[in-house]
Structure formats: structure tokens, C-alpha cells
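Work through the exercises below with the sequence and the 3D view open beside you. Try each task before reading its solution.

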Amino acid sequence: MSIKAGIVGAAGFAGIEAARLVLTHPEFELVAATSNELAGCKLSDLYPNFLGVTDLAFTAHDDAPLTECDVVFLAVPHTAAIAQAPALVQAGVAVIDLSADFRLKDPAVYEQWYKVKHTATDLLAQAAFGLPELFGGELRALASRRESGQGVLVGCAGCYPTATSLAAAPLIRAGLVGEGPIVADAVSGVSGAGKKATERTHFCFADENVEAYGVGSHRHTPEIEQILGIEGRLVFTPHLAPLDRGLLSTVTLPLGESGVSQEQLDGLYTDFYADAPLVSVLTGGAQPKTSSVAGTCRAHVAAVYNAHANVVVATGAIDNVGKGAAGQAVQCANIVFGLPETIGLEHIAIPA
């Protein structure tokens, strides 16, 4: 039997990417895609790439048969997931939240950075963190709970935290990082800002322009610190580039007294991701490129030793809408339903 899936907020970039992945997934069946503004409009009317693939129409949030779904993906802004997730979990649904509402384990940290009170702290305590390569155990634990008939919740990692953490985690978990700040400079495509155009993301402002934003105040800072266990040490600066999709994070990590060879770094990273089928390690100083992972749920990572400053520069490239959002959500759902984590995600980036 197919796994019935619903997507809340399906008209946005992350939501419609989730629809694309679910529609081509061999085990999932898309039965509901919600948008209050577009209720009654076919997905293919708004996104013609679905012509000949599905005749499904958007439904209003309140009219969608979400409690009848096996899995619901919440591709909504923060606070909206807090309002919707509890009833779905209570109904026995597996909820995969793409927003920030169930990522930060400390509600006080969430309230500090998002300026709103967390009203579902009991559910927050039950949520698994959705970054399979680093928290796969939490997701597999949910699989047994879901199989027993319980509703479960996954709070998927954000795009910047995903690329940054995948790049830095092997070195940090090996205990090789010394004292001092850890600096992450990351560049994202415009789709990461969502579908609604602003003065920063409108074509006329974003084209032929690169700029830093959220300097010293970006909300993904505490999430990256939580993932990597580096509270109070991260200097995170995101940048917007005139790309549709793609995200590259460059992380500078101070070492202790001794250095490390390129061969040692390559071995460390290769061993760390040996069982991660969607992460590829580039060795010998080769560097990740966003074009190599565009349209996929894959990540490319690399690490290089800078002897002059005794630091390691680690880099990670992902598709911000794929591995950074919808693809990662499907990957998490695969694990929660006991499926191979790569099923439906075997796409290869277009070579040129």
C-alpha cells in the first residue's frame, strides 16, 4: 500500500519541491497540497512542469484531509507549524516540519531568536532533529514509535545549518578543533528567501549583486551551535548571491597545537561519511560546487589544512531547496517509515 502524503504550504519553493519529490517517489502518494490563496487551482496551472504528471489541485488548509494522511510535510513559516503540528501528531500522523519551530531544543533560545513564545514545548521535547547524517539515531527511534501507531514529529534542519554542519562536524567530533571562534561564511541562492519578492530578492536588486545580510544576528546561528556543540563560538555570516538554487558554506576551524595533513583530513572525512549515501567527500584539495548538487538531495564536502594560520577550512555545497529543505524532509520521512533513506532521491545534478 502507498504511503499517503500531504503538503501544507505546497505553493512555495520548498513546498512545491516536496510535491515534485513525492509525486515521483515509488512509495508515497500525494493526496493533499494546501494553499489558501490558490485553493481550486491545479498544481500544473501554477507550475506547468506538472502537466501530464498530476491533476491534483490545491486545497485550503482547513479543507485538506490531513489527518487521513500517513505523513504531512509542513512547508510553512515559523509559528505556523506550532499551530498545526500538535493536532496532526495526536491523530497519529508522522509530521515532517521544514520550519524552525521544532529545531531548537531549548524553548528559551527559540523565543530569544524568533521573538515569539513557543506554545508546544511538550511536543518540542519529543521531536527528532532532521539531519540524518548526524542524528540518524533519533530518526530511527521515531520509526519504531510510528510503527506502533503513534504520531511522530521531525524538525528538519535549516539550509545554512545543513551545509555548515556537514562541512564542520567530522573535525569537531574528532576532537581536533582548538579554542577560539569558528567562522562560517555561507552563500545562498535567492530561492532560500522564499517565494515572495522583497527589495533584497526582487530580480532587479538581486541580479549582478552579492551582499551579506543578518550579520551577527541570523537566526540559524543557535541552530548551528546546537548541532555542532559550539555554543557561543560561532561567527556566522550569510550572503545572498544571484543564483536560483544552491548554497556553499565555508567554515574556518582553529586547530590545537599540532597540524594535520591533507591525507589525514581526507581519511577522517571519508570514514565519517562512509555510511552516508547522500554525502560525497572531495579529496586532495578538490572543492565542492553548487552546480554539482543542484536539483538533488546530495551534499559535497571537503576540508583543507591552512598551515599558515593553523586552521582547517571546511566547505559544504548543497541545493538549498533540496538537501536544505524538501529533499531532506523526504529523506527523514524515508527513515521514519523504515524505507531506504535514498529512495526517491537518487537524482543526479544536470552536468551542464
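Predicted model: local features only at pLDDT ≥ 70, side-chain atom pairs only at ≥ 80, totals over all residues.

Residues are numbered from 1 along each chain as its sequence is written, and side-chain values use heavy atoms, with hydrogens and water left out.

**Exercise 1. Find the order of the seven strands in the open sheet, and follow the pairing of β10 on both sides.**

Step 1. Strands are DSSP runs (E, at least two residues) and helices are likewise DSSP runs (H or I, at least four), numbered from the N terminus; two strands pair if DSSP finds at least two bridges between them.

Step 2. Read across the open sheet, the order is β8-β9-β7-β10-β13-β12-β11, with mixed pairing. The edge strands, β8 (211-212) and β11 (279-281), each pair on one side only.

Step 3. Strand β10 (residues 247-254) is antiparallel to β7 (residues 182-188), with six bridges between them, and here A186 has S249 as its bridge partner.

Step 4. In general, strands of a sheet pair through backbone hydrogen bonds, either parallel or antiparallel.

**Exercise 2. Describe the aromatic pair of F28 and F337, and then the pair of F272 and Y273.**

Step 1. Rings of Phe, Tyr and Trp (its six-membered ring) pair if their centres lie within 6.5 Å, and planes under 30 degrees apart count as stacked, over 60 as edge-to-face and the rest as tilted. The whole structure holds five such pairs.

Step 2. For F28 and F337, the centres are 6.4 Å apart and the planes make 70°, an edge-to-face pair. F28 belongs to strand β2 (residues 28-34) and F337 to the segment after α11, so this pair ties together parts that are 309 residues apart in sequence. Both F28 and F337 are buried (under 20% relative accessible area, with exposed over 50% and partly exposed in between, for a 1.4 Å probe and protein chains only).

Step 3. The ring centres of F272 and Y273 are 4.9 Å apart and their planes stand at 80°, so this pair too is edge-to-face. F272 is partly exposed at 27% relative accessible area, whereas Y273, at 4%, is buried.

**Exercise 3. Give the volume of the largest pocket and of the largest cavity, and sort their linings by class.**

Step 1. On a 1 Å grid over the protein atoms alone, a cavity is a set of points where a 1.4 Å probe fits but cannot get out, and a pocket is an open set with protein on both sides within 12 Å along at least five of seven lines; lining residues have an atom within 4 Å of a point. Grid points are joined across faces, edges and corners, and a volume is the space filled by probe spheres set on the points.

Step 2. The largest pocket has about 1,600 Å³ of space, and of its 50 lining residues V76, P77, G192, A193 and G194 are closest to the centre. α1 gives the most to this lining, with three residues.

Step 3. The largest cavity has a volume of about 30 Å³, and its lining includes V190, R200 and P242.

Step 4. Ala, Val, Leu, Ile, Met, Phe, Trp, Tyr, Cys and Pro count as nonpolar, Asp, Glu, Lys and Arg as charged, and the others, Gly among them, as polar. The lining of the largest pocket therefore divides into 22 nonpolar, 22 polar and six charged residues, and that of the largest cavity into five nonpolar, one polar and two charged.
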